[in-house]
Every structure is written in structure tokens, then in C-alpha cells.
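Subject: Structure handover

Hello,

Here is the structure I said I would pass on. My notes follow below it, grouped by topic.

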Amino acid sequence: HALYRLVTNPECRQYILRQSLEEAIHTHAYQYCIESLGMDEGEIFNMYREIPSVAKKAAWGLKYTQQISDPTFQTGTEETDKQLLRNLIAFYCVLEGTAEQFQYFLRDESMHVNFGIDVINQIKIENPHLWDEQMKSEAAQMILEGTELEIMYARDTMPRGVLGMNASMMEEYLQFIANRRLTQIGLEEEFKGATNPFPWMS
């Protein structure tokens with residue numbers, strides 16, 4: 001986990017280790033589901049290259065995570081500290097968090113998101129100079145871009161909908177979640193009146 005060496009708080013480091021274990025379990029569980037359903041594993045895992053909305057999500061995530069994955073990356077300057085903050089926002093406010101196995105994923109991802117939000121807010125408290133107007137604007141824009149990518153993905157994967165869920169409902173849900181993420185890090189809601197059409201995904 002790239003964040004482990006950059007976060008020095010011992011309790012946070014312990015949680016990051018736990019999160020890494022849970023992500024490995026999720027990967028194995030996804031693979032088990034794919035095999036059990038008789039799906040083509042190669043086709044599923046290559047979707048990030050073949051389906052435009054998936055490819056855009058992957059490229060967007062790399063833009064924010066690639067730099068801190070470099071083993072020579074160090075924090076300690078205003079710009080590198082902001083880069084770490086951008087990574088945390090991209091990962092925990094955008095990329096994390098959205099069936100029996102999948103219920104456990106949702107539980108774990110919700111805990112991962114809450115941990116990330118706490119880390120982001122603690123960094124803001126300890127380093128208020130990082131949370132300037134430019135960074136606030138950039139964070140809001142990142143969450144809005146991520147939301148749009150998720151909406152495009154929902155349209156691609158649910159053109160006709162499934163029982164109890166369709167792309168339009170998913171769009172409202174994603175806007176509802178975006179509002180939640182924005183307010184959790186101290187920013188204004190962007191999607192006025194957005195509600196959660198899926199009460200079981202509260």
C-alpha cells in the first residue's frame with residue numbers, strides 16, 4: 001500500500017495494513033464470484049482497457065495515485081503534502097465505496113472511506129495552510145469529475161437497468177454520495193436536492 005510509508009501515525013499504519021488485507025480478500029472473492037458464475041476472467045479483468053467508461057475511471061485514478069506510488073516520492077514540502085492530500089481525496093472520496101459477498105465489500109469499503117475522511121480532516125487540522133481556496137476548489141472538482149465518471153459507467157453497464165435499479169436512479173445516488181463526500185471534508189454540496197433512491201445503500 002503506497003500510503004503506508006507516507007503516514008507515520010502508528011494507529012493509522014495499523015489500519016492501512018488491515019485495509020490492505022481486506023482489499024486482497026475482496027480480489028479473491030471477486031475472482032471466486034467470476035469463476036462460480038462461469039464468466040470469462042480475461043474479459044472481465046480487461047474491461048478497464050476495452051470499455052471506455054472503465055478506461056476513463058482507471059486513467060483518472062492513475063493521474064492522482066501514480067506519483068505517490070513512486071518509491072522516491074517524499075512529503076515535506078507544501079506541493080508534495082498537497083499531492084498526498086489529492087491522493088487521499090481521489091482514493092477515499094472518489095474511488096472507494098460503490099449479493100452476500102458484495103455486502104461484505106460494502107461494509108469494508110464504508111469503513112475504508114470513513115478512515116480516509118478522518119485522515120484527510122486531520123491533515124487539514126494539522127496543516128491548515130494546505131487547505132487553501134485553490135485546494136478546496138481542486139478537491140471539489142476532483143469529486144465532481146469522479147462522480148461524472150461513475151455516472152458514465154452506470155450508463156454503460158445498465159443501459160436497460162436491473163431489478164430495482166437503473167442508470168437514472170444510480171445517477172441520483174451518485175450525486176447524493178458526492179454531496180456526502182463533499183460535506184464530510186468541509187465543502188459545499190453541489191447537487192441540491194439529490195436524495196438516495198436506494199435506502200438499503202444508506
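For the first item you need one definition: a charge sits over a ring if NZ of Lys or CZ of Arg is within 6 Å of the ring centre and within 35 degrees of the ring normal. Please also keep in mind that this is a predicted model.

Charges and rings

Arg13 lies over the face of Tyr4, 3.9 Å from the ring centre. There is also Lys57, which lies over the face of Tyr153 at 4.2 Å from the ring centre. Lys57 has a salt bridge as well, its partner being Glu150, with N and O 3.2 Å apart. Glu150 counts as buried because its relative accessibility is 12%, and the cut-off for buried is under 20%.

As for rings with rings, the count comes to 5 aromatic pairs. Tyr15, Phe91, Tyr92 and Phe115 are linked by such pairs into a cluster.

Salt bridges

In general, side chains of opposite charge can pair when their charged atoms come close. The whole structure holds 9 salt bridges.

In one of them, Arg18 pairs with Glu22, and the closest N and O atoms are 2.7 Å apart. These two residues are 4 apart in helix H1 (residues 10-36), so about one helical turn separates Arg18 from Glu22. Arg18 is partly exposed, at 39% relative accessibility, whereas Glu22 is buried, at 9%.

In the other, Glu78 meets Lys82, at 3.6 Å from N to O. Both belong to helix H5 (residues 78-95), where they are 4 residues apart, so again the separation is about one helical turn. Glu78 is partly exposed, with a relative accessible area of 42%, while Lys82 is buried at 6%. Asp132 joins Glu78 and Lys82 in a network of salt bridges.

H5 has 18 residues and spans 24 Å from its first C-alpha to its last, which is close to the 26 Å expected at 1.5 Å a residue. Is H5 largely enclosed or exposed? It is largely enclosed by the rest of the structure, because 14 of its 18 residues are buried.

Helix H7 (residues 133-157) has 25 residues. From its first C-alpha to its last it reaches 36 Å, close to the expected 36 Å. The buried residues in H7 include Met135, Ala139, Ile143, Gly146, Leu149 and Ala154. Glu150, already mentioned for its salt bridge with Lys57, is also one of the buried residues of H7. The cover over the buried part of H7 includes helix H4 (52-69), H5 and helix H8 (167-184).

The nonpolar cores

Which residues have the most contacts inside the largest nonpolar core? They are Leu85, Leu88, Ile89, Cys93, Trp131, Ile143 and Ile185, in a core of 38 residues. H1, H4, H5, helix H6 (100-126), H7 and H8 each supply at least two residues of this core. The largest share, 8 residues, comes from H5. Another core lies apart from this one; it has 10 residues, among them Ala154, Met165, Ile177 and Phe198.

Leu88 lies in helix H5 and is buried, with a relative accessible area of 2%. Setting aside neighbours within four places in sequence, Leu88 is in contact with Leu3, Cys93, Val119, Ile120 and Ile123. Leu88 and Glu23 are 65 residues apart in sequence, and their C-alpha atoms are 16 Å apart in space.

The segment after H8

Pro197 is found in the segment after H8. Its relative accessible area is 24%, so Pro197 is partly exposed. Not counting residues up to four places away in sequence, Pro197 touches Met169, Glu172 and Tyr173. Pro197 and Glu171 are 26 residues apart in sequence and 9.7 Å apart in space, C-alpha to C-alpha.

Regards

Note on methods: Residues are numbered from 1 along each chain as its sequence is written. This is a predicted model: local features need pLDDT of at least 70, side-chain atom pairs count only at pLDDT 80 or more; totals for chains, interfaces and linings use all residues. Side-chain values use heavy atoms; hydrogens and water are left out. Rings of Phe, Tyr and Trp (its six-membered ring) pair if their centres lie within 6.5 Å; planes under 30 degrees apart count as stacked, over 60 as edge-to-face and the rest as tilted. A salt bridge is a side-chain nitrogen of Lys or Arg within 4 Å of a carboxyl oxygen of Asp or Glu. Buried means under 20% relative accessible area, exposed over 50%, partly exposed in between (1.4 Å probe, protein chains only). The expected span of a helix is 1.5 Å times one less than its number of residues. Contact means heavy atoms within 4.5 Å. A nonpolar core is a set of buried Ala, Val, Leu, Ile, Met, Phe, Trp, Tyr and Cys residues joined through side-chain atoms within 4.5 Å.
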